[in-house]
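Subject: Structure handover

Hi there,

Here is the structure I promised to pass on.

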Amino acid sequence: MPGSDQWFESIAANTALSQSEQNALQEDGFVVIRGPVLATDLTGLSRAYDAAVLQADPADVREGSTTTRVHDFVNRGPEFNGLYLHAPLLEACCKVIKEPFRLSTVVARALNPGKVPKKLHVDFPNDDVGWPMVGFIFMVDAFRPENGATCFLPHSQGMTTAPDSFDGVVPACGPAGSMLIYNGSVWHEHGPNLTDSPRRSIQGALIRRTEKPAIDWQTRMRPETLSTLSPLAMYLLGL
C-alpha cells in the first residue's frame with residue numbers, strides 16, 4: 001500500500017479536472033463540477049440522507065441560526081463514501097493545499113426556509129505557507145439563487161479583512177448531484193432561502209495532513225464502516 005508521499009503523488013498525477021475548472025478554482029477560488037453520484041442514484045441518496053438525519057444521535061445534531069447540521073457523514077452509510085473520494089476533489093486538494101492532506105469532517109447541512117445570510121466569512125484563513133483547506137459541498141438539492149445557493153466573492157482568497165457588504169458575490173448554482181469545490185480562504189456565505197423548503201447538502205473539509213481533524217476518526221469509526229472503506233479512504237481518514 002502506498003505511504004503518505006506516494007498517495008499524494010498518485011493523486012496529484014490525476015487529470016480529473018478540466019483546464020477551465022482548474023482555472024476557476026485557482027483564480028476565482030471556487031468551481032462547480034459534476035458530482036460522483038449518477039443521476040439514477042440521486043433519489044436513493046436523497047432518501048438515505050433523510051433517513052440518516054432522522055436517525056442521528058441528538059448529540060450529533062447542531063441547530064444554528066439559519067442551518068441544521070448533522071455531523072459525521074462518514075459513518076452514516078456506504079452511500080456517502082464516494083463523496084470525499086471524488087477524484088476531481090482530491091486533485092483540487094493537491095493544487096490548493098500542495099502537500100499531503102487528510103479529511104477533517106463531513107456533515108449534512110440544511111439551510112432552513114426563510115433564512116437570510118449574516119455576513120461573509122472564511123472557513124480557514126490563509127497563512128504564510130499558503131492555502132490550508134479545501135471545502136466541498138455536494139448538492140443533495142439543486143442550488144439556486146432563490147433557495148440560498150452559497151455565494152462567493154471571487155478572487156478573495158488573499159483578503160485578510162472581512163468585506164463590509166455582499167457586493168460582488170456570485171451564487172454557486174448547480175443541479176442536484178453537482179459538487180462545489182472551494183478554497184477555504186475565499187470569503188463566502190449562503191444566500192437567502194426564499195422558499196418554503198430546506199435546501200439540503202453534504203459538506204466536508206480536507207486539510208493539511210499535519211493539522212488536527214475536526215473529527216477523531218480513530219475513535220469515531222464504526223466497525224461496519226471500516227469494512228466498507230478502500231485503502232485510499234483509510235489513508236484520508238488517517239486509519
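A term to start with: a polar contact is a pair of N or O atoms within 3.5 Å; within protein, one must be able to donate a hydrogen and the other to accept it, and residues adjacent in sequence count only if both atoms are side-chain atoms. Please keep in mind that this is a predicted model, in which local features need pLDDT of at least 70 and side-chain atom pairs count only at pLDDT 80 or more, while totals for chains, interfaces and linings use all residues. Residues are numbered from 1 along each chain as its sequence is written, and side-chain values use heavy atoms, with hydrogens and water left out.

**Ser-46**

Ser-46 sits in helix H3, residues 42-55 (helices are DSSP runs of H or I with at least four residues, strands are runs of E with at least two, and both are numbered from the N terminus). With a relative accessibility of 16%, Ser-46 counts as buried (buried is under 20% relative accessible area, exposed is over 50%, and partly exposed is in between, using a 1.4 Å probe and protein chains only). Which residue does the side chain of Ser-46 meet in a polar contact? The partner is the side chain of Arg-200, at 2.9 Å. Setting aside neighbours within four places in sequence, Ser-46 is in contact (heavy atoms within 4.5 Å) with Val-140 and Arg-200.

**Salt bridges**

The structure holds 10 salt bridges, each being a side-chain nitrogen of Lys or Arg within 4 Å of a carboxyl oxygen of Asp or Glu.

One of them pairs Arg-76 with Asp-60, with the closest N and O atoms 2.9 Å apart. Arg-76 is in the loop between strand S3 (67-70) and helix H4 (87-97), and Asp-60 is in the loop between H3 and strand S2 (61-63), 16 residues apart. Both are buried: Arg-76 has a relative accessible area of 15% and Asp-60 has 10%.

Asp-60 also forms a salt bridge with Arg-220, at 2.6 Å between the closest N and O atoms. Arg-220 belongs to helix H5 (residues 217-220), so this pair ties together parts that are 160 residues apart in sequence. Arg-220 is partly exposed, at 28%.

Another salt bridge joins Asp-127 and Arg-208, whose closest N and O atoms are 2.8 Å apart. Here Asp-127 lies in the loop between strands S4 (101-111) and S5 (133-139), and Arg-208 in strand S10 (residues 199-208), 81 residues away. Asp-127 is partly exposed at 33%, whereas Arg-208 is buried at 6%.

Finally, salt bridges with shared partners join Asp-60, Asp-72, Arg-76 and Arg-220 into one network.

Best wishes
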